[in-house]
Amino acid sequence: MDDFNKIRTICFLRNTLWCDPDFPAEMLSLFYDEVPNVQFEWKRPVEIHESPVFIDNNYNGFDLDNGPLGESWLMTCMEVLHRFRGIFKHVVPVEQDFHCNYAGIFRFRIWWNGKWETVIVDDRLPSLNGDLVFIHNTHGMQFWAALLEKAYAKLHGSYEALKYGNAEDGLMDLTGSIVESSSLPLLNQVQILHHRLQSVSTIALAFAPSGPGPFESITNSKLFLIYEIDKVNTSYGFIYIVRIVVPLLPPGDQELNRFFELNYNDIWDSLSEFKKNEILSTEHGIWVPLSELEKIINCLGLLHFDVESCQLEPTFTYKTPWFSQNRQGSWVKGVTAGGCKNNTESFHLNPQFQVLIDSRTPINISLQQSNSLKPQVIGFTVHMLNDILNEKASASLLTNTDGLLNTNYSNARHVSAMARIEPGIYLIIPTTYEPRKESSFTLRIFTLKPIILSNELDIRARLLNQIVVKADSILNNSNILQPYNILFLQLADEHKTIDAFGLQDVLEKSLPNDYLQSCATIETCRQIILGMEMPDKKDLTGRIHLKSYKDLLISLRHWEEIFRVYTTKTRGVLVVERLYAALSEVGFMLSKKLMAILVFKYMRRDGTLRFGDFVSAIFYLKREFSKCNGAPSLP
């Protein structure tokens with residue numbers, strides 16, 4: 001809001017109309033791949049119509065056309081948004097216009113990456129031969145839909161990117177809800193739907209692609225919002241009736257309220273007087289038999305709204321809102337991108353969130369990724385724990401714990417799952433399907449009872465044992481290192497020390513195989529010397545003493561054995577996903593941030609480390625831990 005007011009004020013002072021530098025009126029804002037051989041003209045509404053309006057408050061209908069290039073799924077999402085007038089006014093601030101305080105700049109709110117993101121755009125719209133080519137209003141002079149679509153396209157990077165979208169993602173972005181796909185036929189799950197629609201802030205969407213069928217006398221809409229399901233006793237036995245809200249129908253119309261009475265007279269006559277009065281006095285929508293609705297719909301979705309949305313939308317006032325909690329996270333190659341549970345050696349690397357639940361409650365979990373152009377295949381697993389975790393769960397713990405809830409994996413921008421959870425301790429693990437796939441994400445959890453959701457679990461960085469093996473404790477006065485000592489002393493000064501270049505020469509001659517000789521690079525030798533010197537020294541000498549050199553040789557052999565264990569399947573190279581386990585074997589317990597630094601510093605382009613890289617990482621860590629007596633200065 002501050003940026004919006006600041007830009008608008010500057011435009012007033014300069015007497016200019018704003019041009020958005022981040023989403024310019026250029027072809028790249030329209031198309032980035034399939035560029036048509038057409039010259040589009042960008043026009044402001046004041047150049048298209050002599051008296052444009054942002055929203056016509058005197059018109060209550062829905063009047064959109066997707067134009068030759070607009071996406072029909074997005075228009076459907078706008079239709080749903082338009083039905084929820086409170087949320088609509090939040091997403092599309094209605095006080096904007098082309099007269100008072102007009103500066104060519106408009107703002108919208110879109111649910112993006114776990115929060116309501118304010119998006120500002122200028123009002124230049126792509127046209128061809130004077131007509132708008134994407135979604136636009138057809139009634140009068142309204143322009144809210146075209147500008148909302150532009151704001152949405154800006155978040156995606158271009159208009160063309162919208163063709164890869166879908167209605168589920170669009171509904172989430174425009175309404176802030178968790179969107180859940182539901183199976184058909186309705187009758188198979190009617191009791192669950194009845195409970196959800198009656199008790200919580202959930203609305204069902206039914207799509208009828210072939211048209212309204214039995215309801216064509218009152219609407220041509222293919223979209224129906226199901227607000228309630230009720231079970232009534234008739235002369236035919238118990239049947240289900242539903243209250244549907246249809247866009248374009250005026251609320252509280254008495255003639256529409258008689259639709260049930262006039263069209264289903266045989267059922268109507270057997271209803272109780274109380275139910276008849278309830279149907280006739282309905283303020284929002286109409287009641288119809290469930291069997292009639294089932295004849296025409298082929299797709300059903302559920303929208304779950306949290307407390308904030310319920311406060312915005314007056315038609316939700318009678319519903320109990322979901323409690324909601326959000327957490328942000330990311331999958332980073334070699335650090336937290338461990339892949340799905342099929343990847344047993346790296347699954348534990350994924351972000352982990354602990355949930356404490358005191359009483360039985362339905363729970364709705366949604367995982368949303370930030371990638372829109374190239375989305376990853378994502379999902380999540382929920383494990384039940386026996387005890388509260390103080391840090392991230394280990395690979396062995398997850399291996400011995402069955403997944404309580406496993407989602408289907410999808411490359412959609414979000415996946416969700418609904419379950420009824422007993423009291424207990426749970427661990428939610430969001431993942432990509434394959435390791436090394438990077439993205440950021442938002443985890444949203446809706447429950448009817450309050451829960452405790454942790455921040456992302458991490459490891460407390462610490463040492464498990466002494467890192468450098470002392471030669472004296474191993475050799476017991478053995479002369480096994482005598483030949484190597486001679487080589488060292490040939491290059492050493494009178495203090496029995498050598499510099500990094502001397503160490504490189506000695507290692508090249510001393511180390512018995514190519515495996516170990518990968519340490520004999522100048523950069524690795526510098527890391528070794530920095531790691532072997534005590535950090536509390538006032539002046540670093542940049543040299544290594546013979547005694548430390550002996551410790552180094554023994555330690556290298558020990559680390560080589562560990563390295564070989566973790567590279568048996570990869571021909572002597574360490575895949576980055578196994579770096580954490582290998583360093584744990586050396587004696588380090590590492591936090592996410594320390595692992596991220598190591599991966600950045602030492603991982604090669606192919607996602608692996610050689611033994612020399614492994615040794616460099618050890619000495620980097622040794623120095624960091626030594627700075628503060630066993631606990632690194634980094635978190």
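Predicted model: local features only at pLDDT ≥ 70, side-chain atom pairs only at ≥ 80, totals over all residues.
S14 and S21 (residues 439-447) run antiparallel to each other, and nine bridges link them. Both belong to an open sheet of four strands, in the order S14-S21-S16-S19, and the pairing is antiparallel. Which strands sit at the edges? I found S14 (323-331) and S19 (414-421), each pairing on one side only. A reminder from class: strands of a sheet pair through backbone hydrogen bonds.

Then I went to the largest nonpolar core, which has 62 residues. The members touching the most others are Phe54, Met78, Phe84, Val92, Phe108, Trp144 and Leu148. Several elements give two or more residues, among them helix H4 (72-83), strand S3 (105-112) and strand S10 (223-234). Which element gives the most? That's H6, with eight residues. I noted that domain 1 (3-174) and domain 2 (178-303) each supply at least three residues to this core.

Leaving aside neighbours within four places in sequence, Trp144 is in contact with Phe54, Ile55, Phe62, Leu64, Met78, His82, Phe88, Val92, Phe108 and Asn137.

Last entry: there's a second, separate core of 61 residues, including Leu516, Tyr549, Phe588 and Leu594. I jotted down the general rule too: nonpolar side chains tend to be buried together in soluble globular proteins.

Note on methods
Residues numbered from 1 in each chain as written. Heavy atoms only, no water. Pairing = 2+ DSSP bridges. Core = buried A, V, L, I, M, F, W, Y, C linked by side-chain atoms within 4.5 Å. Buried < 20%, exposed > 50% of the residue type's maximum accessible area, 1.4 Å probe, protein only. Domains from an automatic or database assignment. Contact = heavy atoms within 4.5 Å.
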